[in-house]
Amino acid sequence: EITCRDWSSDVCSSDLTRYLELLGSLYYLANRRERDVIERNILTVFQTRQEVKALIRKVFKGIFFHYSEKLIMAHRNYGILKEELRDAMEYSGLEHLDSALGHGGVILFTGHFGGVEFMPLALALKHYPVTMIVSFQTERLRESLMARAAEVNVELIDGHSEQVLHHAIHALKRGRILLTECDEVDAWKPKGDRTVDAFGGSVLLDRSLEILCRRSGSTPLGSFMVRTEKGYRLAIVPIDSGERPAEHDMSVAIMKIFEQFVMSFPDQWYQWKKFHKMRPGAA
């Protein structure tokens, strides 16, 4: 078992990451097909870039770094972690979040991107009421994260529960912030054969967030935890200039914001292995 409970921040961010890079390299040696899918998907989008091979290497390093963040979030001394994250954080666009909360619940859509593991805590450090749907891999992890979340007024909804949607809508109607990932492509509810031009081609449109916004009366905003040289920047992004878009435009606006961040920081998105499923005609 690897934990960061008694380690310094520097050890946690270097030795742990190097160890996971070694394990990850061994994993992809044994799972060459998955590695090939990731590389092929990246080449599909960035084939004209001369530095695409270097980008592919950075994407895999980003995947490994993400898993070190998961371990840090689950196991590092929580008091120390809160202080370290507070020092590492910068925020942009919080005024959009404050304005939206004045009208009720808010859906913050993000992706499997950057330091998303730290996003609930980053918001809680600013005293925002956060709810997030989480699928726990083990009972021990569930107990650890539930206890940590309760300390900072973060609600975790078990993604394996039969009443996930009910709990999510209830949280929104209580004026809370619901964090959700818009790139859960296996759970998408496509809008027929409708697509949007994105990532150098056509991408399917998912209507899941439209449904959730309609049923809860909540305001959608983009939220992305970008890794920076100094630490992390949590960017809150309004869609349609801060006004709630018409329902039929919402999926397009969400995808375009998501595209903007992935194309700006492609090595910080760790869902490349499923990108081909976002294209029309995917099996």
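Buried means under 20% relative accessible area, exposed over 50%, and partly exposed in between, with a 1.4 Å probe and protein chains only. This is a predicted model, where local features need pLDDT of at least 70, side-chain atom pairs count only at pLDDT 80 or more, and totals for chains, interfaces and linings use all residues. Residues are numbered from 1 along each chain as its sequence is written, and side-chain values use heavy atoms, without hydrogens and water.

I start with helix α8, residues 164-173. Helices (H or I, at least four residues) and strands (E, at least two) are DSSP runs, numbered from the N terminus. Buried in α8 are Val 164, Ala 168, Ile 169, Ala 171 and Leu 172. These residues lie on the same side of α8, because they cover an arc of only 160° around the axis, taken from the directions from the helix axis to the C-beta atoms. On the other side, His 166 and Lys 173 are exposed. After α8 comes Gly 175, with a positive phi near 80°.

Next, the rings. Rings of Phe, Tyr and Trp (its six-membered ring) pair if their centres lie within 6.5 Å; planes under 30 degrees apart count as stacked, over 60 as edge-to-face and the rest as tilted. The count is 16 aromatic pairs. Tyr 27 and Tyr 28 have ring centres 5.0 Å apart and planes at 80°, so this pair is edge-to-face. Tyr 27 is partly exposed at 38%, whereas Tyr 28 is buried at 7%.

Phe 258 and Trp 269 are also edge-to-face, 5.5 Å centre to centre with 80° between the planes. Phe 258 lies in helix α10 and Trp 269 in the segment after α10, so the pair ties together parts 11 residues apart in sequence.
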